[in-house]
Amino acid sequence: MSLLHIAVLAPFIVALVVMLTYKLIGRVHTGWVILPVPVILFAYFLGLIPTIQGGEQVQAVLEWIPSLGINFTVYLDGLSLIFALLISGIGSLVVLYSIFYMDKKKEAVHRFYVYLLLFMGAMLGVVLSDNLMVLYGFWELTSISSFLLIAFWHHRDRSRYGALKSMLITVFGGLAMFAGFIMLYTMTGTFSVREIVANVGSISGEALFIPAMILILLGAFTKSAQFPFHIWLPDAMEAPTPVSAYLHSATMVKAGIYLVARFSPVFAGQAAWFWIIAITGLTTLIYASIRAIKQTDLKALLAFSTISQLGLIMSLLGLGSAAAYYGGGVDTLLYTKATTAAIFHLINHAIFKGALFMVVGIVDHETGTRDLRKLGGLMSLMPITFTVAVIGAFSMAGLPPFNGFLSKEMFFTAVLQASHMNFWNADTWGVLIPVVAWIASVFTFLYSMILVFRTFTGKFQPEKLEKKPHEAPLGMLIPPVILASLAIVFGLFPNLLSYSLIEPAMAAIHPGLLAGGDRFHVKIEMWHGWTAEIYMTIGIIVLGTVLYKLHGSVSVLNRPLSKRITLNRLYDGGLRVLERGGKSLTSTYMTGSIRHYVMYIFVFFIAVLGGGLLLIDNIGIDMSAYAPMSFYEAVAILGLVIPVIALPFVRTRLMAIILTGAAGYMVTLFFVLFRAPDLALTQMVVETVSVMLFLLCFYHLPKLKREKVPMSLKWRNLLISVGVGAVVTLIALAASSGRAFESIADYFIKESYNSAGGKNIVNVILVDFRGFDTLLEITVLGIASLGIYALIKVDLGEGILGERDRYEGVYLPNSNDVILRTVSKVVIFIVVTFSWFLFNSGHHEPGGGFVGGLMTSAALVLLSMAFGMDMTRKIVPFEFRKVMATGLLIALLTGIGSFAFGAPFLSHSFGYFNLPLLGETELATAVIFDLGVYLAVVGVTMTIINSIGRDN
Amino acid sequence: MELYMSLAIGIIFAVGIYQILSKSLLRIILGTSLLTHGVHLLLLTMSRLKTGAAPLLGEKASAYVDPVPQALILTSIVISFGVTSFFFVLAYKAYQRLGTDNMEELRGTEDE
């Protein structure tokens with residue numbers, strides 16, 4: 001793990017620590033605790049500038065899923081470095097600012113900082129990951145943390161609405177991007193961005209190349225709030241202002257810009273890439289700038305201004321991609337100027353917009369409103385805030401000597417250049433580009449002026465404000481002042497940035513244009529003579545000032561656009577249609593009727609298994625090797641089928657139960673015929689106990705009524721039933737007709753005595769080979785019996801009834817039959833003795849814990865029937881739930897015991913010992929396990945019977 | 001023998017499912033019991049019938065029937081006893097509390 005890995009993971013680790021310890025550091029504002037994180041990160045990235053500037057890259061690999069080509073590879077080049085510096089630098093200032101903005105006493109500040117750190121780590125992960133899958137993971141994590149931060153004041157409806165909207169739109173884009181990444185992977189066979197860039201020549205002709213590009217652009221456009229996906233950003237302004245400054249203007253919304261820049265080496269040089277990005281960017285630029293001048297809420301104004309500026313950067317990246325078309329030569333360098341402008345403006349925008357958001361936050365914090373109609377005349381009350389606002393707004397408007405002026409001029413250079421392009425049909429439409437850019441810049445100037453002068457000059461209206469305004473505390477002023485100073489410093493000395501950051505970033509975006517060892521030479525100058533650009537700026541100032549004067553009185557300028565058709569209505573309506581449609585679609589098949597659900601299952605069963613059998617050509621039903629059938633067996637089959645067929649026709653409960661029982665006893669007979677003595681024994685006892693159970697319960701169930709079912713439904717039920725029966729018959733025939741593979745039975749037959757020392761193979765499988773299954777099985781049984789116990793005992797709302805309290809349940813028939821009593825006295829002992837014989841002989845002969853336990857239970861049931869349950873309780877004074885628990889415990893301990901001998905769970909051992917009286921005897925640990933099974937079965941059965949048939 | 005067993009199993013399944021699709025809880029429970037029997041016989045039939053002696057090595061036979069389905073079925077018999085009992089008590093308590101055993105009347109409401 002390298003330092004760079006730690007840099008990405010540090011915010012997550014600190015977030016975890018804050019979450020666990022915020023109560024301990026209760027008195028300190030959590031912001032102070034986490035402030036060192038971004039500051040140290042910023043210092044660390046600053047320290048990496050010389051390395052990157054020297055043309056090197058920092059990279060490290062942490063293997064994650066190497067078999068799938070997914071590794072946590074961090075990679076730092078010029079492009080990543082700019083973003084990393086923005087994330088940590090603006091992050092430091094925002095954290096400092098938020099300490100004074102977020103009131104520790106009123107807000108859950110620790111939660112706020114946990115989310116903020118989550119975002120910081122995720123965003124660093126996005127810009128530093130080389131692996132597309134890891135990048136995608138971090139990308140979605142930024143959406144999630146943004147969601148959490150927008151909904152920070154989750155008691156507000158608008159916050160939740162905004163959070164959901166941003167989440168839906170950005171995650172939609174993220175998924176599209178994910179699909180694009182997968183397509184890139186199928187084309188190149190790697191998830192590494194660098195390797196994809198290296199292979200770019202071989203993939204540009206592939207069919208998936210353009211779809212992959214469009215999908216990835218969808219991710220970028222939704223994240224960077226490009227038209228028409230921009231609608232989430234104004235609603236995201238419900239977040240606390242530090243979040244808006246950090247996520248929704250400086251960093252997260254630039255992730256899309258990052259993605260476009262990162263993939264420029266792959267896709268640039270394609271006409272589609274050029275046009276899609278340039279047109280989307282320019283549309284966003286002009287549309288959002290027009291929307292911005294109509295806003296009355298300061299944050300909404302800034303939101304549209306951010307969208308507009310993101311469009312500007314996006315369009316510059318599109319125009320810059322033309323350079324790759326020329327691929328070297330003099331013209332190329334002209335086009336790369338657009339890319340230079342994009343990078344430069346990216347930095348500038350983060351600086352001035354960060355400052356402006358903080359200013360708006362201060363105004364909001366100190367006056368209680370952000371409404372331009374209530375604000376005015378704050379200049380004298382907040383002189384420092386006003387100064388920062390002027391610098392930020394003038395920089396945004398593109399006025400000298402601030403940094404925004406320089407990048408605006410470079411933007412004009414780039415668009416003028418674009419109008420001279422003579423490829424990709426640019427010669428016809430290219431002329432429009434500078435026109436659009438210029439008009440949008442006029443509006444930019446206009447809203448920048450509105451922002452400053454409407455707020456700080458004009459008439460002061462204290463009666464409309466909730467608080468008495470005064471200058472903000474020092475801590476809130478320091479971060480915007482730093483940013484404003486930077487706006488001036490970078491305005492006067494832009495080449496501070498160009499050598500250290502912009503040149504390496506250019507090399508990352510346009511790697512193909514550089515010869516080995518060469519580098520871009522970027523020199524930004526304030527004054528380049530009386531060029532077209534300077535006249536454009538002068539024109540903006542003149543026209544912008546005129547419009548500002550008119551703004552208050554001309555309704556075209558200050559009235560919102562048409563309210564009828566807006567993208568927001570489309571979004572809201574679409575969401576509603578989805579919700580309603582989803583609900584009505586679901587309710588057509590989720591009827592609440594279990595019969596319907598069961599029907600779906602069986603129809604699916606018929607379709608899949610029946611269809612599958614039909615599709616396989618050679619089911620190969622081979623009857624030649626079938627066992628012969630004697631006359632008596634044929635009679636037995638009839639004896640089985642007749643009560644089954646009769647069942648649907650009987651009208652009384654008793655008859656139905658007797659018929660089902662008859663079928664069960666016939667199955668016992670078949671177990672005998674098919675050489676399964678263990679099964680026959682068990683089935684016999686179980687059938688006896690269950691019929692008794694049925695008889696206990698049925699009396700309390702309503703009589704069977706003639707069902708009033710329409711004939712059509714009857715036919716449908718019949719069709720489904722017969723269909724399943726037919727499919728099962730086919731499966732039985734197909735399965736018994738020959739095997740595709742060797743049976744595992746031979747292994748058990750061979751090893752039963754050698755490895756486990758038992759001659760009853762079925763019993764050995766249960767207690768030894770598959771002992772774990774059996775352990776879990778008796779656990780399930782235990783749960784079922786406790787469930788029954790609880791069902792009987794728990795009276796909803798009244799808690800568990802006392803052991804013998806008001807139980808109005810069924811009564812075990814208490815016989816007065818003298819014959820039964822007399823006979824049963826003897827029989828019970830015989831049955832119990834027999835059950836012990838069965839249990840003991842289970843290892844070698846038919847028998848075992850299951851059947852032994854059931855047999856003992858049957859004896860106890862007989863006892864209860866003959867003498868009543870009170871008598872039974874006196875004779876057998878056990879709490880059967882405890883017997884069950886003891887059995888489970890014994891089985892479990894037998895399993896754990898094998899650990900003492902260093903063997904895996906449930907290993908059994910056996911040996912032969914010479915015991916007194918018994919002579920040479922085999923003792924096996926499997927028998928102890930079987931004892932556990934025995935006790936558990938007795939406990940379960942008796943708990944069930946006792947729960948149901950409780951005496952009064 | 002396998003052919004006739006397969007047909008019998010098909011019939012047991014068909015009747016069992018027909019019972020499950022009815023409205024009365026009692027019939028549904030009896031239907032699941034029938035299905036259990038059907039599955040047990042199906043498992044045995046799938047491994048071929050009467051191919052040797054019972055799977056007890058004491059028989060010293062040259063061939064034994066497949067012990068694996070038998071182990072499966074043994075487990076299943078006991079489990080289905082537990083499940084059927086549970087089901088019965090559930091039905092009985094539901095009837096006691098709600099006064100109906102008609103599945104159509106027991107369906108959930110819109111809000112659930």
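About 90 Å³ of space lies in the second largest cavity. The residues closest to its centre are Asn763(A), Leu766(A), Gly849(A), Phe850(A) and Leu74(B). In total, 14 residues line this second largest cavity. The model is predicted.

Which helices of chain A each supply at least two residues of the lining of the second largest cavity? They are α31, α34 (761–769), α37 (849–867) and α40 (925–948). Asn763(A) and Leu766(A) lie closest to the centre and fall within the range of α34, residues 761–769. Gly849(A) and Phe850(A) are also among the closest residues, and they fall within the range of α37, residues 849–867.

**The largest cavity**

The largest cavity holds about 160 Å³ of space. Its lining counts 14 residues. Nearest its centre lie Glu687(A) and Ser690(A) from chain A, with Ser33(B), His37(B) and Ser80(B) from chain B.

| Cavity | Volume | Lining residues by class |
|---|---|---|
| Largest cavity | about 160 Å³ | four nonpolar, nine polar, one charged |
| Second largest cavity | about 90 Å³ | six nonpolar, six polar, two charged |

**The contact between the chains**

How many residues does the contact take from chain A and from chain B? It takes 108 residues from chain A and 79 residues from chain B. The area buried between the two chains is about 8,500 Å². Carbon and sulfur atoms give 76% of that area.

Across this interface the rule finds zero salt bridges. Polar contacts are present: nine residue pairs are counted between chain A and chain B, with both residues at pLDDT 80 or more.

On chain A, helix α32 (residues 711–735) brings the largest share of the side that touches chain B, with 13 residues. That side of chain A divides by class into 67 nonpolar, 23 polar and 18 charged residues.

Technical notes:
Residues are numbered from 1 along each chain as its sequence is written. Chains are lettered from A and ligands numbered from 1 in the order in which they are written. This is a predicted model: local features need pLDDT of at least 70, side-chain atom pairs count only at pLDDT 80 or more; totals for chains, interfaces and linings use all residues. Side-chain values use heavy atoms; hydrogens and water are left out. Contact means heavy atoms within 4.5 Å. Buried area is the accessible area (1.4 Å probe) that two parts lose on being put together, summed over both. A salt bridge is a side-chain nitrogen of Lys or Arg within 4 Å of a carboxyl oxygen of Asp or Glu. A polar contact is a pair of N or O atoms within 3.5 Å; within protein, one must be able to donate a hydrogen and the other to accept it, and residues adjacent in sequence count only if both atoms are side-chain atoms. Helices (H or I, at least four residues) and strands (E, at least two) are DSSP runs, numbered from the N terminus. Ala, Val, Leu, Ile, Met, Phe, Trp, Tyr, Cys and Pro count as nonpolar, Asp, Glu, Lys and Arg as charged, and the others, Gly among them, as polar. On a 1 Å grid over the protein atoms alone, a cavity is a set of points where a 1.4 Å probe fits but cannot get out, and a pocket is an open set with protein on both sides within 12 Å along at least five of seven lines; lining residues have an atom within 4 Å of a point. Grid points are joined across faces, edges and corners, and a volume is the space filled by probe spheres set on the points.
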